[in-house]
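Dear colleague,

I am handing over a structure for your attention, with the sequence and the model shown directly below.

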Amino acid sequence: MIKMKKWKLWLIFGITLLIAIGLICLNLYVSAKTVIIVFIVIDFLVMTFVLQAAISATFKYKPKPKKYPSKAFNNYDPDKLLDNLIKKGFKETRTKYGNIYLHIENKTAYKIIVITNIEAYLTPDEHKNTSAKANNALKECTHFVGHEIFLDYNDKALASLPDFSFEGKNIFYEAFYLDKETYTLIEPNAITATNDFVPLVKKMREEYLLLTEE
């Protein structure tokens, strides 16, 4: 379909409207009314189509981008994070898209996924084997605190990160990404933990992720 500028569409609509009025007036004074009526019908069809296109081009819906509360943690060292997770007893599983760290304590599962290959991460098949192992270890847990840290990312991933942050009845989940130029760990959608998750999230962030707010 050929795209036309909105002013051209409104101009065509105005012309077809004038033609329609002229044909209706002409129909009052001629004997060959059938021919005139056919032209009127054709003109109204064109006018209706052009009007819809003109309205669509003029009044496009532009949704406002959502604004999320965010946080930034300066001078973040991802190597120090990985060493700390091993030191704290997290079990490491290596995948094509990064590393998965899992630690279970008092029926609470702490899971951290560090993404180092965004293309592999965005491939669904890469998640099958690791998810099966994790499910067996999580059966007895009553709470789950999960974080994903993107050391590698693209525009598609960044656009989706705010949706990674949510809290449910038994789960608290958030996502972060590392600005490699400034070594700033950014939390694009900082949600506040409620009820039983407050001490669990505090433990995850301070003791395991080594996050300190300035």
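**Findings**

Tyr-153 is partly exposed, at a relative accessible area of 24%. In this message, buried stands for a relative accessible area under 20%, exposed for over 50%, and partly exposed for anything in between, with a 1.4 Å probe and protein chains only. The model is a predicted one, in which local features need pLDDT of at least 70 and side-chain atom pairs count only at pLDDT 80 or more, while totals for chains, interfaces and linings use all residues. Residues are numbered from 1 along each chain as its sequence is written, and side-chain values use heavy atoms, with hydrogens and water left out.

**Overall picture**

Of the 214 residues in the chain, 36% are buried. The accessible surface amounts to about 14,100 Å², and carbon and sulfur atoms account for 59% of it; such areas come from the Shrake-Rupley method with a 1.4 Å probe, and for residues only the protein chains shown count as cover. Considering contacts between residues at least 6 apart in sequence, 67% join residues at least 24 apart, a contact being heavy atoms within 4.5 Å.

**Aromatic pairs**

The whole structure holds 11 aromatic pairs. Rings of Phe, Tyr and Trp (its six-membered ring) pair if their centres lie within 6.5 Å, and the planes make them stacked under 30 degrees, edge-to-face over 60 and tilted for the rest. One of these pairs is Phe-73 with Phe-176, which is tilted, at 6.5 Å centre to centre and 55° between the planes. This pair links distant parts of the chain, since Phe-73 is in strand 1 (residues 71–73) and Phe-176 in strand 7 (residues 171–179), 103 residues apart. Phe-73 is buried at 3% relative accessible area, and Phe-176 is buried at 0%.

Tyr-153 pairs with Tyr-177 in an edge-to-face arrangement, with 5.2 Å between the centres and 70° between the planes. Here too distant parts of the chain are linked: Tyr-153 is in the loop between strand 5 (143–150) and helix 6 (155–160), and Tyr-177 is in strand 7, 24 residues apart. Tyr-177 counts as buried, with 19% relative accessibility.

**Nonpolar cores**

A nonpolar core is a set of buried Ala, Val, Leu, Ile, Met, Phe, Trp, Tyr and Cys residues joined through side-chain atoms within 4.5 Å. The largest core has 24 residues, and those that touch the most other members are Ile-112, Val-145, Ile-149, Leu-185 and Leu-209. Two or more residues each are given to this core by helix 3 (78–87), strand 4 (108–115), strand 5, strand 7 and helix 7 (197–208). Helix 7 gives the most, with five residues. Another core, of 19 residues, lies apart from this one and includes Ile-113, Tyr-121, Cys-141 and Ala-157.

**Helix 2**

Ile-42 is in helix 2 (residues 33–58) and is partly exposed at 47%. Together with Val-35, Val-38, Phe-39 and Val-46, Ile-42 makes a nonpolar surface patch of about 430 Å². Patches consist of residues with over 30% relative accessible area and no salt bridge, with like charges joined within 9 Å and nonpolar side chains (Val, Leu, Ile, Met, Phe, Trp, Tyr) within 5 Å. Asp-43 is also in helix 2 but is buried, at 8% relative accessibility. Apart from neighbours within four places in sequence, Asp-43 is in contact with Thr-16, Ile-19, Ala-20 and Leu-23.

**Salt bridges**

The whole structure has eight salt bridges, each a side-chain nitrogen of Lys or Arg within 4 Å of a carboxyl oxygen of Asp or Glu. In one of them Glu-174 meets Arg-205, with the closest N and O atoms 3.0 Å apart. Glu-174 lies in strand 7 and Arg-205 in helix 7, so the bridge ties together parts 31 residues apart in sequence. Both Glu-174 and Arg-205 are buried. Another bridge joins Glu-206 and Lys-202, at 2.9 Å between the closest N and O atoms; both lie in helix 7, four residues apart, about one turn of the helix. Lastly, Lys-88, Glu-105, Lys-203 and Glu-207 are linked in a salt-bridge network.

With kind regards
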